[in-house]
Amino acid sequence: MTRPTRQRDHDRQRVGDEDAEEDEIDVEAIEDVDELDPEDFDPEDLTRTADGELIHEETGMIIEDEQIDPGPEWRAFNHSERQEKSRVGAPTTKTMHDKGLTTTIDWKDKDAYGRSISSKKRSQMHRLRKWQERIRTKDAGERNLQFALSEIDRMASALGVPRSVREVASVIYRRALNEDLIRGRSIEGVSTAALYAACRKEGIPRSLEEISEVSRVDRKEIGRTYRYISQELGLEMRPVDPKKYVPRFSSELELSEEVQSKANEIIETTAEQGLLSGKSPTGYAAAAIYAASLLCNEKKTQREVANVAQVTEVTIRNRYQEQIEAMGIHS
């Protein structure tokens, strides 16, 4: 019985020595890693893990580990759960002077359960709404911005342009306000010019006639203000492509896809010959649509096309003659 006991003791001693050697090796490796400078590592040897840590694979050294998780603290497994657990409000927007960060008091005189409140509470809520509206603007600059952005929103709704155009117009107006370009000009004029510039930048052009119909200023002032702010702000505006007017005009005239394709073909062919230079894009598109309607046996009168495009019949006749001569078509 003594020999097995001695054998066990010998084995334990040997295992203990091996563990001690491993500990010594690990300590030496750790000391070597501590002496390394992260800036000396080759970027190709560094790996970014799924948790966001940056490690050196050869030595196992962690270069970056202080990662901030911007996600929520809860988990959701489908869209409905994600909507129920979300506690954030609407995204910030440039179309509001305070970017949509302030609170509003509902106009309904009801409590949290939908029941009507007393007359005393109603008068109190009326005073709160009034003061809430007053404190949303702290100075004349913010009141100016609030009125201008409301004008942009009103005109954009009347023109039927998408939300992106309103955002771009609001950014342009904010830039003009910061550059002090509003001084000496009407708020309505600058806001209308900003909306016109935004329509052109977003590829949804509207003519000055269409813009002036929904604005409170005349066409001449809009054009003058637009040229001024585009020059001062360095807005890179390319000439409007007449083909972008074709779908809208054709839709209002109830013309087929064949007419639209033919009108686009006329515009492309004649523009390559230099006929578009110096011409109004709306008049040019209107003349192409008129010519295409005749070629496709869906005739529209010059007056009908002129009313939709908001140009004169003389303009359509002049552009029409130029286009059919360039196409080699005899009227």
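The model is predicted: local features need pLDDT of at least 70, side-chain atom pairs count only at pLDDT 80 or more, and totals for chains, interfaces and linings use all residues. Residues are numbered from 1 along each chain as its sequence is written, and side-chain values use heavy atoms, with hydrogens and water left out.

View 1. Helices are DSSP runs (H or I, at least four residues; strands are E, at least two), numbered from the N terminus. A salt bridge here is a side-chain nitrogen of Lys or Arg within 4 Å of a carboxyl oxygen of Asp or Glu. Asp153 is partly exposed at 31% relative accessible area. Arg166 counts as buried, at 14%. Buried means under 20% relative accessible area, exposed over 50%, and partly exposed in between (1.4 Å probe, protein chains only). The whole structure holds 13 salt bridges.

**View 2. Glu209 and Arg219 link helices H7 and H8.** Their side chains meet in a salt bridge at 3.0 Å, N to O. Glu209 belongs to H7 (residues 208-214) and Arg219 to H8 (residues 219-233), 10 residues apart. Glu209 is partly exposed, with a relative accessible area of 25%. Arg219 is also partly exposed, at 42%.

**View 3. Lys243 pairs with Glu268.** This salt bridge spans 2.9 Å, N to O. Lys243 lies in the loop between H8 and helix H9 (246-253), whereas Glu268 lies in helix H10 (residues 257-272), 25 residues apart. Lys243 has a relative accessible area of 26% and is partly exposed. Glu268 is partly exposed too, at 41%.

**View 4. Arg185, Lys220, Arg224 and Arg227 form a positive surface patch.** Patches are built from residues with over 30% relative accessible area and no salt bridge; like charges are joined within 9 Å, and nonpolar side chains (Val, Leu, Ile, Met, Phe, Trp, Tyr) within 5 Å. Arg185 sits in the loop between helix H5 (163-178) and helix H6 (187-201). Arg185 is partly exposed, at 33% relative accessible area.

**View 5. Helix H6 is mostly covered.** Of its 15 residues, 11 are buried. Among them are Gly189, Leu195, Tyr196 and Cys199. H6 reaches 21 Å from its first C-alpha to its last, close to the 21 Å expected at 1.5 Å a residue. The expected span is 1.5 Å times one less than the number of residues.

**View 6. Asn297 and Gln310 have positive phi values.** Most residues other than glycine have a negative phi. Phi of Asn297 is near 55°. Asn297 is in the loop between helix H11 (281-295) and helix H12 (302-309). At 71% relative accessibility, Asn297 counts as exposed. Gln310 has a phi of about 60°. Gln310 is in the loop between H12 and helix H13 (313-327). Gln310 is partly exposed, with a relative accessible area of 23%.

Notes. Accessible areas come from the Shrake-Rupley method with a 1.4 Å probe; for residues, only the protein chains shown count as cover. Lys and Arg count as positive and Asp and Glu as negative; His and the chain ends are not counted. The place of a charge is taken as NZ of Lys, CZ of Arg, CG of Asp or CD of Glu.
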